[in-house]
Amino acid sequence: MALEIYNTLTRKKELFTPLEPGYVGIYVCGPTVYSDVHLGNCRTFISFDVIYRYLKYLGYKVRYVRNITDAGHLEGDRDEGDDKFSKMARREKLEPMEIVQRYTLGFREVMQLLNTLPPTIEPTATGHISEQIEMTQQIIANGYAYEKEGTIYFDVEKYDKEKTYGILTNRKLEDLLEGTRELGGQEEKKGRLDFALWIKAKPEHLMQWPSPWGMGFPGWHIECSAMSNKYLGKRFDLHGGGMDLAATHHTNEIAQNEACFNESPAQIWMHTNMLTVNGTRMSKSLGNGFLPHELFTGNHPLLEQGYSPMTTKFFMLQTQYRSTLDFSNEALQASEKGLKRLWDAYTVLQKLTYTADTIDSELEEKVLKLVNGFEECMNDDFNTAKVLANMFELVPVINSIKDGLIKVSAITETTFTLLQEKMKVFLEDVFGLQQATEEGSGKLANVMELLIDIRKEAKAKKDFATSDKIRNQLTAMGIVVKDEKDGSVSWSA
RNA sequence: GGUCCUUUGGCCGAGUGGCUAGGCAAAGCUCUGCAAAAGCUUCUACAGCGGUUCGAAUCCGCUAGGGACCUCCA
C-alpha cells in the first residue's frame with residue numbers, strides 16, 4: 001500500500017503523489033514566540049516531525065518549512081492595538097526582539113529535548129516584511145483588498161463571489177456572516193469577516209515598518225502566505241498545523257494565495273488534533289496548559305510525578321494525530337511503563353546474534369507480517385499507534401528468544417535481520433525516540449560493578465540479608481537490579 | 001444559531017462489513033533464595049433505539065452525552 005494522507009480539504013484519505021517526483025515540500029505553521037510553548041503546541045510539532053522523518057525514510061527529498069511568528073500577531077479580535085510581542089515587551093520592560101529571542105530559544109530547547117529534527121528552513125515574519133508588503137500590493141492590484149486609513153483589509157465578500165471562502169472547513173459565507181458576533185470598534189471595515197493584511201501603527205507602537213501605506217506592521221495571516229510562497233512556491237505538497245488554525249488562519253491563507261496568484265497553495269492540508277485536559281482543550285487563553293518543563297520535572301499541581309521527554313513523546317505517538325488526546329497521570333504512567341518494556345526488548349534485540357537451525361514457519365510468518373506492518377501502518381495516514389501495537393506484539397517473541405524459550409533459529413536470518421533493522425529505523429529514525437534511561441557513565445558504572453560483585457558473593461554464601469540490603473537500597477535510589485536467567489546481573493538507573 | 005468531529009472493556013487508546021488490536025491495571029501459573037524482570041493464561045468491549053445486510057463496533061436514521069471551530073491560540 002502506498003502512502004495515503006487525510007486531506008482536510010476533501011475530508012478523506014488521498015493517495016499521496018508529490019507534485020515533483022521524489023521531492024516533497026511541506027509548510028507547517030510554527031509557534032508565536034511571545035510566551036513559552038505548552039504541551040499542546042508540542043504535540044503538533046512532534047506529529048509533523050514524525051511525518052517529516054517518515055517522508056525522508058520513504059526516500060523523498062523533503063523541504064520542511066516551519067515559521068517562527070515574531071510579529072504581527074494581534075492580541076484581541078480587533079484589528080487594532082498592540083501585537084502580542086509589544087504587549088509582553090512593555091510588561092517586562094524589554095525590547096520586543098528580546099521577547100522573541102527568549103521564547104525562540106526556549107522553543108528550540110524543548111524541541112531538542114523531545115528529539116525533533118529542526119526544519120530545513122525556519123523563517124521569521126520580521127525577516128519577510130518586504131515579501132508580505134509585495135503580496136499585499138498584488139492582492140490590492142487584483143482587487144481583493146482595500147485601504148482604510150493606512151490599514152489594508154482583505155475583502156472577503158468580494159472574494160467569495162468568485163471563489164469559495166470557507167472551502168477548507170466547509171462553511172458557507174452566509175453562515176459565517178450569521179455566526180460572527182457583532183464587534184465594536186471596527187467600523188472602517190467593509191465586511192465583518194474582512195481581515196487585515198497590513199495594519200497602521202500608532203506612533204508609540206514598538207514594532208513598525210515603512211510601507212506604501214505609511215508606517216505599520218503585517219497582519220498575522222499574510223506571513224505564512226508570503227513565506228510558503230517564497231520557499232515552496234505558489235503550489236506545494238503539504239500544509240500542516242493545529243486544527244484550531246483551519247477555520248481562520250488557513251482559510252485566510254488560501255484566500256490570500258488565491259487572490260494573489262489565482263492558485264490554492266497546498267494540495268493536501270493536514271491538521272493535528274488538540275491535546276485536552278479533562279476533556280477540554282489545552283490552550284494559553286484558558287490557562288490550563290502545561291509547560292514542557294513542568295511535565296518533565298513534575299512541578300505542577302495536577303501532576304503526581306515528572307515524565308521524561310521520551311515518555312511524553314511516546315504517549316503522544318500512541319494516538320493517531322487526528323484524534324484528540326486527553327492528558328492524565330494514569331495515561332502518562334502507562335506510557336512510561338510501556339516505553340520501558342518496549343525499549344528494554346529493543347535493546348535486547350540489538351544484542352542478539354543469529355544462529356541457523358530449524359525454522360518455525362508459523363512464527364516466521366507472524367514476525368514477518370508484524371515487521372512489514374510498520375510501513376503499512378505509517379502509509380495509512382501515519383498511524384503511529386498501530387506501529388507501536390505491532391512492536392508490542394514482537395516484544396514477547398524477542399524476550400522469549402533472550403530467555404531461550406524460543407530459539408533465534410526459529411526464524412530465518414533474513415527475517416531476523418529485518419526485525420533488527422526495522423525496529424531500529426522506526427524507533428530511532430522515524431519516531432525519534434532515544435534511550436530513555438541513563439546507563440550511567442564512568443564512575444557510576446564502576447561503583448555498580450563493585451556492588452553487584454559484592455552482592456554476588458553474598459548470594460553465593462546464602463547471605464541474603466546483605467544481598468537484599470544492596471538491592472533494596474539501590475531500588476530506593478531508583479536503580480533497578482535484575483538477576484537474569486543466565487546468572488548475570490543487569491541494572492538500570 | 002451554523003460547520004464539523006466524537007462516544008470502544010477498570011483506565012488510555014487502534015480499528016470504516018465477517019478474522020484476538022495494543023499498552024497500563026487486575027488475577028492465576030511458571031521461573032526465582034525472595035523479589036524484580038520475563039513467559040504463559042484469564043478478564044473479549046464497542047452510548048441507546050431502530051434500519052440496511054446472509055453478517056455491523058464498522059454503513060444509514062433518530063435519541064442522549066462529550067468536544068472543537070465560527071474571536072487570539074498548535
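Q: Which residues does Thr116 touch, not counting residues up to four places away in sequence?
A: Thr116 touches Ile46, Asp49, Arg53, Met111 and Lys313, where contact means heavy atoms within 4.5 Å. This is a predicted model, in which local features need pLDDT of at least 70 and side-chain atom pairs count only at pLDDT 80 or more, while totals for chains, interfaces and linings use all residues. Residues are numbered from 1 along each chain as its sequence is written, chains are lettered from A and ligands numbered from 1 in the order in which they are written, and side-chain values use heavy atoms, with hydrogens and water left out.

Q: Why is Thr116 called buried?
A: Its relative accessible area is 10%. Buried means under 20%, exposed over 50% and partly exposed in between, with a 1.4 Å probe and protein chains only, so Thr116 at 10% is buried.

Q: Where is Thr116 placed, and what does its side chain reach?
A: Thr116 is in the loop between helix H3 (96-113) and helix H4 (129-141); helices (H or I, at least four residues) and strands (E, at least two) are DSSP runs numbered from the N terminus. The side chain of Thr116 reaches the backbone oxygen of Met111 at 2.9 Å. A polar contact is a pair of N or O atoms within 3.5 Å; within protein, one must be able to donate a hydrogen and the other to accept it, and residues adjacent in sequence count only if both atoms are side-chain atoms.

Q: What makes helix H10 largely enclosed by the rest of the structure?
A: Nine of the nine residues of H10 (residues 309-317) are buried, so the helix is largely enclosed. Among them are Lys313, Phe314 and Phe315.

Q: Is Ile68 buried or exposed, and how do you know?
A: Ile68 has a relative accessible area of 1%, so the residue is buried. Ile68 is in the loop between strand S4 (61-66) and helix H2 (84-92). Its contacts, not counting residues up to four places away in sequence, include Pro31, Val33, Phe107 and Glu223.

Q: Why is Ala385 not placed in the buried class?
A: Ala385 has a relative accessible area of 23%, so the residue is partly exposed. Ala385 is in helix H13 (residues 384-402) and touches Leu317, Gln318, Thr319 and Gln320, not counting residues up to four places away in sequence.

Q: What makes Asp380 and Lys13 a salt bridge?
A: The closest N and O atoms of Asp380 and Lys13 are 2.8 Å apart. A salt bridge is a side-chain nitrogen of Lys or Arg within 4 Å of a carboxyl oxygen of Asp or Glu, so the pair qualifies. The pair links distant parts of the chain, with Asp380 in the loop between helix H12 (361-379) and H13, and Lys13 in strand S2 (residues 12-15), 367 residues apart. Asp380 is partly exposed at 25%, and Lys13 is partly exposed at 37%.

Q: Why does the salt bridge of Glu131 with Lys230 tie together separate parts of the sequence?
A: The closest N and O atoms of Glu131 and Lys230 are 2.6 Å apart. Glu131 lies in helix H4 and Lys230 in helix H7 (residues 220-232), so the pair ties together parts 99 residues apart in sequence. Glu131 is buried at 18%, whereas Lys230 is partly exposed at 42%.

Q: How do you know that Arg455 and Asp483 meet in a salt bridge, and which class does Arg455 fall in?
A: The N to O distance between the side chains of Arg455 and Asp483 is 3.1 Å. Arg455 counts as buried at 4% relative accessibility, and Asp483 is partly exposed at 36%.

Q: What is found between domain 2 and domain 3?
A: Four residues of domain 2 are in contact with four residues of domain 3. Chain A is divided into domain 1 (21-272), domain 2 (280-430) and domain 3 (443-492), with bounds from an automatic or database domain assignment. The area buried between domain 2 and domain 3 is about 250 Å²; buried area is the accessible area (1.4 Å probe) that two parts lose on being put together, summed over both. The count of salt bridges between domain 2 and domain 3 is zero.
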